[in-house]
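Hi,

Here is the structure I said I would pass on. My notes follow below it.

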Amino acid sequence: MAPNISQDCYARHGGVHFTQKASAEEINRYVKNLPEDRRESLFEVLDELSSAGMIQIQNDGQFSDPHGNLHGTTGCYEDEK
């Protein structure tokens with residue numbers, strides 16, 4: 001894995017908040033090489049990537065809608081005032 005890659009992202013479908021720990025190329029190659037039955041759902045793919053250390057799922061109640069707007073538990077995605 002490439003060093004120093006750490007980027008907050010949101011899954012396009014489902015809006016799950018995660019931190020990218022590997023390059024997009026490494027992630028795409030890893031997913032492409034998964035057995036077809038492990039690529040059937042986004043949940044399974046995210047679980048595989050997390051188990052491989054390529055992403056870290058942030059269990060912070062923060063989600064993105066299809067338009068990129070953040071939602072979730074009040075205060076978890078807003079700057080403290």
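Asp 47 is partly exposed, at 35% relative accessibility. Asp 47 also forms a salt bridge with Arg 38, with the closest N and O atoms 3.9 Å apart. Please keep in mind that this is a predicted model.

Arg 38 has other partners. Glu 44 forms a salt bridge with Arg 38, and here the closest N and O atoms are 3.2 Å apart.

Arg 38, Glu 44, Asp 47 and Glu 48 are linked in a network of them.

Are these residues buried or exposed? Arg 38 is partly exposed, with a relative accessible area of 25%. Glu 48 is at 17% relative accessibility, so it counts as buried, the cut-off being under 20%.

Now the core. The largest nonpolar core has nine residues: Phe 18, Ala 22, Ile 27, Val 31, Val 45, Leu 46, Leu 49, Met 54 and Ile 55. Helix 1 (24-32) and helix 2 (42-51) are the elements that give two or more residues to this core. Helix 2 gives the most, with three residues.

Leaving aside neighbours within four places in sequence, Leu 49 is in contact with Ile 27, Tyr 30, Val 31, Met 54 and Ile 55.

Best wishes

How values were computed:
Residues numbered from 1 in each chain as written. Predicted model: local features only at pLDDT ≥ 70, side-chain atom pairs only at ≥ 80, totals over all residues. Heavy atoms only, no water. Core = buried A, V, L, I, M, F, W, Y, C linked by side-chain atoms within 4.5 Å. Buried < 20%, exposed > 50% of the residue type's maximum accessible area, 1.4 Å probe, protein only. Helix = DSSP H or I, 4+ residues; strand = E, 2+ residues; numbered from the N terminus. Contact = heavy atoms within 4.5 Å. Salt bridge = Lys/Arg side-chain N within 4 Å of Asp/Glu carboxyl O.
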